[in-house]
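Please look at the sequence and the structure shown below, and keep both in view while reading the short report that follows.

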Amino acid sequence: MSNAPLMPKATAVWLVDNTALTFDQVADFTKMHPLEVRAIADGDAAQGIKGMDPISTGQLTREEIEKAERDPNYRLRLQESKVVLPPQPKRKGPRYTPVSRRHERPSAILWLVRNHPELKDAQIMRLVGTTKTTIASVRDRTHWNAQTLTPMDPVTLGLCSQIELDFEVQRAAKEKPLDANYSGATLLPASETTRKDEYEPAGHDEDDLNVDAVFAKLKTIGGKKHDEDEE
């Protein structure tokens with residue numbers, strides 16, 4: 001059962017003209033704003049709309065209306081319909097696309113192929129409501145209108161909703177296998193970055209750094225040269 005009556009505005013017109021219900025009671029029953037109901041009563045809205053009797057359609061009873069007229073705080077209750085419609089079976093097949101938008105499907109297919117190459121043909125068929133042959137012709141640029149096709153978002157064209165597109169993209173991303181050869185960029189291990197250089201310069205001997213020994217050797221060389229000159 002719906003929360004609102006059939007033809008709410010026409011029902012509101014009838015209730016305003018034929019009952020003593022408050023604006024709030026009529027607005028609550030018809031799921032309209034109280035100011036809109038007031039505009040109907042003032043003749044500023046719903047001009048030319050013929051009122052519909054909710055009693056004749058089985059949505060209200062005369063007793064329910066009289067009870068609400070006696071108590072302004074009472075809220076009308078929509079009567080349950082005596083006609084039970086069988087549930088509509090879910091149809092399997094491609095999405096129906098209006099005739100006025102069928103010429104826009106190749107542009108939507110081109111957009112999906114370029115921006116979401118991970119999508120399978122079956123997913124594009126569900127989103128746009130096309131055939132596998134059309135998808136293949138757009139991919140191969142063999143479509144009869146391939147030269148003038150421009151990629152256009154199917155959500156903007158009204159061929160599918162953003163929720164449906166996101167669902168198919170996420171589904172395709174989960175089914176896409178990961179590349180085993182690529183493990184991503186990694187940092188060098190700490191043992192490599194903190195390793196000391198094995199080719200450090202050899203340390204100087206203590207004799208090379210002994211200044212006194214150096215000067216003593218120079219004196220000895222100088223003394224020998226002086227003796228040779230005297231001879």
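Arg141 is placed in the loop that runs between H7 and helix H8 (154-157), in what is a predicted model. With a relative accessible area of 40%, Arg141 is partly exposed, because that class covers the values between the 20% limit for buried and the 50% limit for exposed.

Most residues other than glycine have a negative phi. Lys31 also has a positive phi of about 60 degrees without being a glycine, and Lys31 is found in the loop between helix H2 (23-30) and helix H3 (34-42).

## How H5 meets H7

The helix H7 covers residues 132-139, and its axis comes within 10 Å of the axis of helix H5, residues 105-115, with the two crossing at roughly 65 degrees. The crossing by which H5 passes H7 is right-handed. On the side of H5 the contact is made by Pro106, Ile109, Leu110 and Val113, while H7 contributes Thr134, Ile135, Val138 and Arg139. Sorted by class, the residues of this contact of H5 with H7 are six nonpolar, one polar and one charged.

Ser107 is another residue of helix H5, and with a relative accessible area of 9% Ser107 is buried, because the limit for that class is under 20%. When neighbours within four places in sequence are left aside, Ser107 is in contact with Leu149, Thr150, Pro151 and Met152.

## How H6 meets H7

The axis of helix H6, residues 121-128, also comes within 10 Å of the axis of H7, and here the crossing is at roughly 110 degrees. H6 is therefore roughly perpendicular to H7, because angles from 65 to 115 degrees are counted in that way. In this contact Asp121, Ile124 and Met125 of H6 meet Lys132, Ile135 and Arg139 of H7. By class, the contact of H6 with H7 holds three nonpolar and three charged residues, and no polar ones.

## The residue Glu175

Where does Glu175 lie? Its place is in helix H9, which covers residues 162-175, and at 42% relative accessibility Glu175 counts as partly exposed. Although Glu175 and Leu119 are 56 residues apart along the chain, their C-alpha atoms are separated by 9.9 Å.

Methods: Residues are numbered from 1 along each chain as its sequence is written. This is a predicted model: local features need pLDDT of at least 70, side-chain atom pairs count only at pLDDT 80 or more; totals for chains, interfaces and linings use all residues. Side-chain values use heavy atoms; hydrogens and water are left out. Axes are lines fitted to C-alpha atoms, for helices over the stretch in contact, and angles run from 0 to 180 degrees between N-to-C directions. Helices (H or I, at least four residues) and strands (E, at least two) are DSSP runs, numbered from the N terminus. A crossing is left-handed if the near helix is turned anticlockwise from the far one by less than a right angle, and right-handed if clockwise. Contact means heavy atoms within 4.5 Å. Ala, Val, Leu, Ile, Met, Phe, Trp, Tyr, Cys and Pro count as nonpolar, Asp, Glu, Lys and Arg as charged, and the others, Gly among them, as polar. Buried means under 20% relative accessible area, exposed over 50%, partly exposed in between (1.4 Å probe, protein chains only). Angles under 35 degrees count as roughly parallel, over 145 as roughly antiparallel, 65 to 115 as roughly perpendicular and the rest as oblique.
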